[in-house]
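Have the structure open and follow along.

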Amino acid sequence: MAVWANVKYLHDPVLGIETSCDETSVAVVRGRNVLANVVSSQAELHRQWGGVVPEAAARKHTEALIPALGTALKISGCALPDMAGIGVANRPGLVGALSVGVSAAKALSLALAKPMVGIHHLEAHILSSLMAADVEFPHVCLLVSGGHTELVFVKSAGEYKKLGGTIDDAAGEAFDKSARALGLGYPGGPAIQSAAEGGDDKKYKLPAGLRGPTLDFSFSGLKTAVLYLARDEGESLDVPSAAASMEETVASVLAERTLRACEETSAKAITLVGGVAANKRLRAKLKLLASERSHDFVTPPFDLCTDNAAMIAHVASWRLAKGETDDLRMDTLASAALPGG
Ligand code: KG4
Ligand code: ZN
């Protein structure tokens with residue numbers, strides 16, 4: 001099987017299961033190659049509440065998981081006995097939601113007598129770039145999603161050092177809450193992005209959070225400023241320009257700090273992962289700044305950036321190849337440090 005840097009994978013297919021938040025996903029991969037990646041999103045269900053309701057998410061996973069498994073097997077052309085093992089996201093996340101995927105993985109592992117390994121959801125996001133390209137190590141990873149904003153120094157697969165992160169809201173959360181304040185839809189990121197088209201990104205001056213030579217972020221002031229802006233301007237608010245100003249503020253601070261993280265480490269490349277990596281303005285900014293400083297820039301395709309089981313199976317294929325397994329007592333955790341961090 002292909003080897004990249006210190007990453008060696010199992011030859012046979014691996015099944016992946018992801019239920020940490022509001023996407024039910026089952027995938028089959030062979031090393032870095034995705035044979036099937038089925039994602040059933042609950043966004044429609046949670047829209048009525050303007051955010052993810054944990055118990056509703058867990059119930060929906062129970063309903064959607066087995067059909068997603070059937071579809072993934074069909075698309076991949078594989079049968080369950082063909083699997084070399086099973087990887088499941090078991091940390092961090094909503095524990096009720098995670099438990100649905102972990103219970104299914106345990107049942108499959110027991111019934112098929114196949115090894116199983118619990119995967120750290122953020123490690124899976126961080127290494128998702130390897131499925132898209134031969135990323136050089138060490139590199140700096142900007143992981144931005146609805147629940148996380150992290151700058152991580154990736155020395156090699158399995159060796160991570162957190163360089164900075166948010167002290168309050170995650171970047172995706174800032175998009176979601178600002179979109180709500182502006183009367184746009186849920187999830188907020190895509191809604192702000194499309195509302196911002198044609199807007200003037202310099203019309204409203206919004207706070208970018210922490211100042212000075214830090215690698216941390218703060219987005220709660222920005223969210224509040226957007227709320228006050230909407231309240232104060234009322235009917236006269238220029239929504240496209242408010243959305244563009246908000247998007248520009250977030251993209252600029254994320255890009256600027258990622259470049260600083262590269263300067264402070266010996267990083268050769270930059271990777272951008274997580275749901276907010278879908279943001280076109282952020283992608284364009286980071287790509288430009290990286291090329292100006294001769295850093296490689298890698299961001300996986302959109303379906304590997306948002307929550308998905310292919311990234312879980314990918315890490316499982318590598319960890320199982322190293323002989324790592326978990327037994328049937330495996331737990332789920334709401335929060336967990338990165339492995340090797
Ligand atoms: O990684 P993800 O699918 O789930 C979590 O683990 O959180 O990320 C979801 C987040 C949401 O906050 C959503 O608003 C944001 O990613 N998002 C975007 C865009 N598409 C999704 N944010 C900005 N621009 C986008 N185009
Ligand atoms: Zn995620």
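## A buried ligand residue

Asp307 has a relative accessibility of 13%, so it counts as buried, the cut-off being under 20%. Bear in mind that this is a predicted model.

His121 is buried too, since its relative accessibility comes to 6%.

## The zinc site

What coordinates the zinc ion (ligand 2)? The ion is held by His121 and His125, each through NE2, together with Asp307 through OD, at 2.1 to 2.2 Å. Along the chain, these donors follow the spacing H-x3-H-x181-D. The site ties distant parts of the chain together: His121 sits in helix α4 (residues 121-127), while Asp307, 186 residues apart from it, is in the loop between α10 (302-305) and α11 (310-321).

Now for the strands. Five of them form an open sheet in the order β10-β9-β8-β11-β12, and the pairing is mixed. β10 (159-165) and β12 (296-298) are the edge strands; each has a single partner, so one side of each lacks a neighbour in the sheet. From one strand to the next, the twist averages 20°.

## A helix across the strands

Helix α8 (residues 239-264) lies across β8 (139-144), β9, β10 and β11 (269-273). Relative to β8, helix α8 runs at about 155°.

Key:
Residues are numbered from 1 along each chain as its sequence is written. Chains are lettered from A and ligands numbered from 1 in the order in which they are written. This is a predicted model: local features need pLDDT of at least 70, side-chain atom pairs count only at pLDDT 80 or more; totals for chains, interfaces and linings use all residues. Side-chain values use heavy atoms; hydrogens and water are left out. Donors are N, O and S atoms within 2.8 Å of the metal (3.2 Å for Na, K and Ca); water is not among the atoms, so sites may look incomplete. Helices (H or I, at least four residues) and strands (E, at least two) are DSSP runs, numbered from the N terminus. Buried means under 20% relative accessible area, exposed over 50%, partly exposed in between (1.4 Å probe, protein chains only). Two strands pair if DSSP finds at least two bridges between them. Axes are lines fitted to C-alpha atoms, for helices over the stretch in contact, and angles run from 0 to 180 degrees between N-to-C directions. Contact means heavy atoms within 4.5 Å.
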